[in-house]
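Please read each point with the structure in view.

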Amino acid sequence: MSSILIFCRDCGKQVPSSQTKDGLCVDCRVRRSVAALRDEHARLWRKRERYRSQNANTEQIGRQIARVEDRMGQRIKELVSNDRLATDLLRKELEAARGQRYTIKGV
Ligand SMILES: [Zn+2]
């Protein structure tokens, strides 16, 4: 109720102090904690596209991608106690991760 607003030291957004940790808002904490997994996700995604273009079997890579996405979900759940918010954040992270391939592909 009486929580004060502070600026996230990463994105600069104003957030209630109760939702921050180490001066970071929940979005930034999530982004940081899944950064490595997102790189891994992007790597596997590119690999799968390469395999696909060669008509190779992508079943195993698909499973690896699913595992990375599961781990991202677990990380986020550890950081966010609110289930609905955690699901929301995971969706955003996955959209960003899956969207990354277009950026990379376009290079
Ligand atoms: Zn932030």
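**Points on the predicted model**

1. The lining of the largest pocket comprises six nonpolar, four polar and three charged residues. The structure is a predicted model, and the volume of this pocket is about 210 Å³. Gln19, Val26, Arg29, Val80 and Leu85 are the closest to the pocket centre among the 13 lining residues. Helix α1 supplies the largest share of the lining, with three residues.

2. The zinc ion has four protein donors, namely Cys8 (SG), Cys11 (SG), Cys25 (SG) and Cys28 (SG), at 2.3 to 2.4 Å. The angles among the four donor atoms run from 107 to 114 degrees, and the site is tetrahedral. For reference, the ideal angle for four tetrahedral donors is 109.5 degrees.

3. The sequence spacing of the zinc donor residues is C-x2-C-x13-C-x2-C. Cysteine 8 is in the loop between β1 (5–7) and β2 (14–16), whereas cysteine 28 belongs to helix α1 (residues 26–33); the pair therefore ties together parts 20 residues apart in sequence. Cysteine 8 and cysteine 28 are both buried.

4. Aspartate 22, although not a glycine, has a positive phi of about 55 degrees. This aspartate is located in the loop between β2 and α1. Aspartate 22 is exposed, at a relative accessible area of 61%.

5. Asparagine 55 likewise is not a glycine and has a positive phi of about 55 degrees. The loop between α2 (35–53) and α3 (59–79) holds asparagine 55. With a relative accessible area of 73%, asparagine 55 is exposed.

How values were computed:
Residues numbered from 1 in each chain as written. Predicted model: local features only at pLDDT ≥ 70, side-chain atom pairs only at ≥ 80, totals over all residues. Heavy atoms only, no water. Donors = N, O, S within 2.8 Å, 3.2 Å for Na, K, Ca; no water. Tetrahedral: all angles 85-135°; square planar, octahedral: opposite > 155°, others 65-115°. Helix = DSSP H or I, 4+ residues; strand = E, 2+ residues; numbered from the N terminus. Buried < 20%, exposed > 50% of the residue type's maximum accessible area, 1.4 Å probe, protein only. 1 Å grid on protein atoms, 1.4 Å probe; cavity = no way out; pocket = protein on both sides within 12 Å on 5 of 7 lines; lining within 4 Å. Points joined across faces, edges and corners; volume = space filled by probe spheres on them. Nonpolar A, V, L, I, M, F, W, Y, C, P; charged D, E, K, R; others polar.
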